Amino acid sequence: MISYEEFKSRFNLRLDTQQDEAVKHVNGPQLILAVPGSGKTTVLVSRLGYMVYGMDIDPKSILTVTYTVAATADMKRRFESFFGAEYASDLEFRTINGISQKVLTYYGICTGKKPFAVADREIGSIIREAFRKVNNDFPTDNDVSNIQTAIGYAKNMCLTEAQIKKQKVDVSNFFEIYTIYNHILRERSLIDYDDQMVYALKILKSVPDVLKYFQNTYKYILVDEAQDTSKIQHEIIGLLAKKSKNIFMVGDEDQSIYGFRAAYPKALMDFSKNYKGAEIHLLETNYRSGKDIVAAAAITISKNTNRYEKVLKAHREISGKVSRLDTNSRRNQYKYVAKQAIEYPEKIAVLYRNNESALPLIDMLERYGVEYRLKNNDATFFSHPVINDIRDFSRLADNPLDDEAFMRIYYKMNAGISKVAAQGAIYNCGSDGILDYLSKMDSLSVGVKKRCQSLISSFAMLKKEDASVALDRIVNKMGYGKFMESRSMDSGKIDILKMLADQVRNLDELFDRMDILQEIMANGNKNYDAKVILSTIHSAKGLEFDRVYMLDMVENVLPSVKKPGRYASKEEIEAYEEERRLYYVAMTRAKEELYIFTFDYDSTSQFSKELFDMKRPKDAIVGVNYSTKTKGPLLKTNYGKARPAT
């Protein structure tokens with residue numbers, strides 16, 4: 001055993017005062033709240049080294065829990081780079097799923113029962129099978145993604161049956177799908193990754209000998225990225241650490257952005273209550289970003305209420321640069337970034353909330369031959385209900401007798417056509433178009449027949465018009481916009497389509513181009529030499545870039561929920577605060593330059609308006625149709641120029 005100072009000297013460690021405090025207090029429950037760029041991984045790895053080399057703790061008694069499999073390998077590499085390979089193989093780095101599987105395996109050995117296999121590639125097909133059994137239809141990729149996310153959320157949040165029934169999922173009959181999905185898994189002796197934790201928790205709670213074995217094995221537990229850990233994961237970790245009370249969590253509630261995956265930052269806020277005698281240490285110095293970037297980020301996150309107070313400090317002497325780029329439309333932001341991608345000689349990172357925000361930019365970069373790296377692949381946009389509906393309008397324009405397309409959209413045209421009338425027209429229309437037959441049906445009212453006649457004219461025009469004009473027609477003249485409004489559907493999908501439509505001549509070319517983009521998004525683009533990096537904010541977490549552009553910082557995208565009013569529920573407040581955390585995480589990826597696009601007052605993100613102290617223009621116009629004009633007066637375009645943050 002050697003002193004802490006001897007340990008630091010031996011391994012040439014340079015830590016600040018706050019980092020020292022976090023590293024050298026080894027026993028008892030501790031929570032380390034680490035602001036972005038504060039060296040949390042360095043602290044965690046240094047603490048591991050001090051435990052082994054400074055305090056002679058058996059490395060096999062230490063468990064380090066990371067968020068991903070990749071992070072476990074990276075943590076081990078970091079330890080080896082700091083302290084050599086001598087004890088690296090004895091230390092255990094695992095995800096919570098890895099620990100859960102170890103519990104299941106040990107329980108199987110004790111009881112002679114073989115654990116169920118973990119389904120991986122089969123999950124998508126099982127979800128599709130359950131969906132078909134319940135809804136008698138085939139799910140889209142978007143449906144499968146929504147269902148899988150909702151299943152994971154239910155299991156990670158330990159929801160009751162009643163709570164699962166109340167879950168808001170953009171899929172019909174989710175609870176029935178959930179029930180059949182689990183039934184299929186059991187029938188085939190399978191579990192999913194979330195079940196690993198569900199069954200592990202049950203075993204630890206109900207079989208004392210198993211719990212005792214793991215508590216005695218792991219006398220020290222370290223947890224990385226604690227803000228991303230789910231409720232069930234916190235329960236498992238809490239049980240494992242209950243005997244020794246040597247729990248060391250590193251995280252930052254301000255960076256908790258995975259609520260849709262059941263991240264549970266409340267556990268950090270309740271840490272002192274859950275672990276008696278807990279110590280809370282702060283790492284408040286940002287070693288990544290310039291002073292102005294750190295100051296702007298601190299202002300932004302300080303407006304959240306459910307958080308620990310921190311004083312963010314910048315270590316670097318450079319000021320950094322926080323600038324707003326005024327433009328009068330979302331389309332112009334893409335043109336600006338594309339121009340920078342061509343002209344700027346160094347690497348740039350473009351961050352956005354959703355993958356669909358990157359589509360118009362990818363379209364431009366592909367057309368200009370600019371190389372880029374797409375960090376994550378997600379093609380669910382192309383199977384979204386709005387996109388499928390627009391395709392069906394186009395199909396019906398191609399073939400007025402397409403009964404399948406007609407039955408999918410007849411009630412979305414605001415024409416008052418009943419299901420009985422629609423089915424009757426399909427059966428009796430012969431070689432006439434379905435709408436043509438409906439326009440002459442004696443049993444229909446004069447108003448419905450006139451509406452059908454108008455739709456016939458509109459369908460005839462769709463293939464003759466420019467793609468953007470045709471989209472306007474579908475939304476504003478053919479009733480689809482009213483249907484979307486009645487179902488609270490995402491109008492942003494139409495906005496993205498319109499930006500893609502501006503680059504082609506007609507709907508046929510639009511859908512041909514979308515097929516190409518769908519393949520690109522599905523396969524991703526891992527060109528590591530490209531100077532343009534495109535990433536969702538979620539995928540960029542933990543990364544850093546010299547120059548960052550924050551794209552599509554608009555209302556209904558980021559934030560995607562409304563600002564809570566005086567009588568808002570806790571859930572509404574938490575949802576909005578997570579949106580602010582996402583914006584904050586994007587800001588803190590920038591080391592030297594941060595550029596944020598702003599638009600007219602009503603469109604610009606509330607967080608940007610606060611940051612840049614934007615005031616509503618006195619002559620603001622409200623209520624203009626979203627699909628044809630932007631709301632409010634256009635701000636004078638400051639195209640290609642940056643305005644510094646105030």
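Is C452 buried or exposed? C452 is buried, at 0% relative accessibility. Here buried means under 20% relative accessible area, exposed over 50%, and partly exposed in between (1.4 Å probe, protein chains only).

This is a predicted model, in which local features need pLDDT of at least 70, side-chain atom pairs count only at pLDDT 80 or more, and totals for chains, interfaces and linings use all residues. Residues are numbered from 1 along each chain as its sequence is written, and side-chain values use heavy atoms, with hydrogens and water left out.

**Figure 1. The whole chain.** The chain holds 29 helices and 17 strands. Helices (H or I, at least four residues) and strands (E, at least two) are DSSP runs, numbered from the N terminus. The C-alpha trace spans about 95 × 65 × 50 Å along its principal axes. Of the 646 residues, 54% are buried. Contact means heavy atoms within 4.5 Å. Among contacts between residues at least 6 apart in sequence, 78% join residues at least 24 apart.

**Figure 2. Cysteines.** A disulfide is a covalent bond between the sulfur atoms of two cysteines. The criterion used here is a pair of cysteine sulfur atoms within 2.5 Å. By this rule the count is zero. C452 is in no disulfide; its nearest cysteine sulfur, that of C429, is 13 Å away. C158 is partly exposed, with a relative accessible area of 32%.

**Figure 3. F382 and its contacts.** F382 sits in the loop between β13 (372-374) and α18 (385-398). Its relative accessible area is 4%, so F382 counts as buried. Beyond its neighbours within four places in sequence, F382 touches L359, I387, N388, M514, L517, Q518 and M521. I426 is 44 residues from F382 in sequence and 28 Å from it in space, C-alpha to C-alpha.

Figure 4. Most residues other than glycine have a negative phi, and most peptide bonds are trans. A262 has a positive phi, near 80 degrees. A262 lies in the loop between β7 (247-251) and α13 (266-269). At 0% relative accessibility, A262 is buried. N414 also has a positive phi, about 55 degrees, and is not a glycine. The loop holding N414 runs between α19 (403-409) and α20 (419-428). N414 is partly exposed, at 44% relative accessibility. A cis peptide bond joins L558 and P559, with omega about 10 degrees. P559 belongs to the loop between β15 (545-550) and α28 (570-587).

**Figure 5. Helix α23 and its cover.** Which residues of α23 (residues 467-477) are buried? They are A467, S468, A470, L471, R473, I474 and V475. An α-helix has 3.6 residues a turn, so residues three or four places apart point the same way. Cover for the buried residues of α23 includes α18, α22 (446-462), α24 (480-486), α25 (492-501) and α26 (507-523). G479 follows α23 and has a positive phi, near 90 degrees.
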